[in-house]
Amino acid sequence: MKNKRICILISIMIALIILVVGLWNRTISVNPEPVSSQNFEVEQENQKANLEISSEDNPKIQSHIVCIDPGHQQRADMKKEPIGPGATKKKPKVDGGTIGKYTNITEYQLNLDIALKLQTELESRGYTVVMTRTTNDVNISNSERAIMANEAGAEAFVRIHADGSDIQSVQGASTICQSPDNPYNGALYESSRRLSECVLEGVVASTGCKKRQILELDTMSGINWSQVPNTIIEVGYLTNKAEEAKLVTEDYQQLLAKGIADGIDKYFKENTTGE
Ligand SMILES: [Zn+2]
């Protein structure tokens, strides 16, 4: 009898609580929380869908980190730095680069113009891009640029430069990497050489420029300080009238950016398939 009464009392109390809570919820139904949590769920679903689509599209290229270094800067810094970790030999931190013989374009500006187009191109292909500089008014030495690539965990360090020569007929693109005997990072030779081949091929295919050579040099600070696969692409000659005229145009710079990106794509594609 007593238990039954207690049961009824508890039931009434629960009913009252439900009623009060129900009324309370109705009075605060302007609270946006249920709507926002619904949005959140929808957002999460969308994000999930995007992730699924993008990783299906290109599962191997998605997460690669590329560091782009637009060579030189507005003002040279001729103070010296060691050409490699622990080296006694020293070279200027960053020199002035070349100047267009016919248009007076500065190499540092041209390098930056191409590098920014390459950044956009690579990001549109899903890469994570780290830039050593995005303006000309900086002072970053060649070793510091390589260290930026190392610290960013870059999987490729791509340096953009333009060439010059006393012989005006010389034209075309080259790439540069270390030799297998490089005392600082010779172990990176094979990957750097392949990156150099891929990028040079990409540029020649995209622009139709003359294919010159892949140079192996152990005297360049920006190469020697790099602990990641690296290449310098010399996009063409600012001392050849016809080539310089092309290099200063937006269209040709875009072709160069596409060609370099194609080369980087090829490099990573071969890498991940174990070739
Ligand atoms: Zn240069």
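The dialogue below takes up the sheet, then a helix, then the core.

Reply: Please note at the outset that this is a predicted model.

Me: In what order do the six strands of the open sheet lie?

Reply: In general, the strands of a sheet pair through backbone hydrogen bonds, in a parallel or an antiparallel sense. Here the order is β4-β1-β5-β8-β6-β7, with mixed pairing. β4 (128–131) and β7 (211–216) are the edge strands; each has a single partner, so one side of each lacks a neighbour in the sheet. From one strand to the next, the twist averages 20°.

Me: In which sense do β5 and β8 pair?

Reply: Strands β5 (residues 156–163) and β8 (residues 230–237) are parallel, joined over six bridges. Within β8, Asn 230 is the bridge partner of Phe 157. Helix α5 (residues 189–207) lies across β5, β6, β7 and β8, at about 170° to β6.

Me: How many residues of α3 are buried?

Reply: Of the 18 residues in α3, 13 are buried. The helix covers residues 107–124 and reaches 26 Å from its first C-alpha to its last, close to the 26 Å expected. Just after α3, Gly 126 has a positive phi of about 100°.

Me: Which residues have the most contacts inside the largest nonpolar core?

Reply: In soluble globular proteins, nonpolar side chains tend to be buried together. The largest nonpolar core here has 46 residues, and Val 66 and Ile 260 have the most contacts inside it. Elements giving two or more residues to this core include β1 (65–70), α3 and α8 (250–272). Beyond its neighbours within four places in sequence, Val 66 contacts several residues, among them Leu 122, Val 129, Val 158 and Ile 264.

Key
Residues are numbered from 1 along each chain as its sequence is written. This is a predicted model: local features need pLDDT of at least 70, side-chain atom pairs count only at pLDDT 80 or more; totals for chains, interfaces and linings use all residues. Helices (H or I, at least four residues) and strands (E, at least two) are DSSP runs, numbered from the N terminus. The expected span of a helix is 1.5 Å times one less than its number of residues. A residue is buried if 20 or more other C-beta atoms lie within 10 Å of its own, exposed if 12 or fewer, and partly exposed in between; C-beta atoms are placed from the backbone. Two strands pair if DSSP finds at least two bridges between them. Axes are lines fitted to C-alpha atoms, for helices over the stretch in contact, and angles run from 0 to 180 degrees between N-to-C directions. Two residues are in contact if their C-beta atoms, placed from the backbone, lie within 7 Å. A nonpolar core is a set of buried Ala, Val, Leu, Ile, Met, Phe, Trp, Tyr and Cys residues joined through C-beta atoms within 7 Å.
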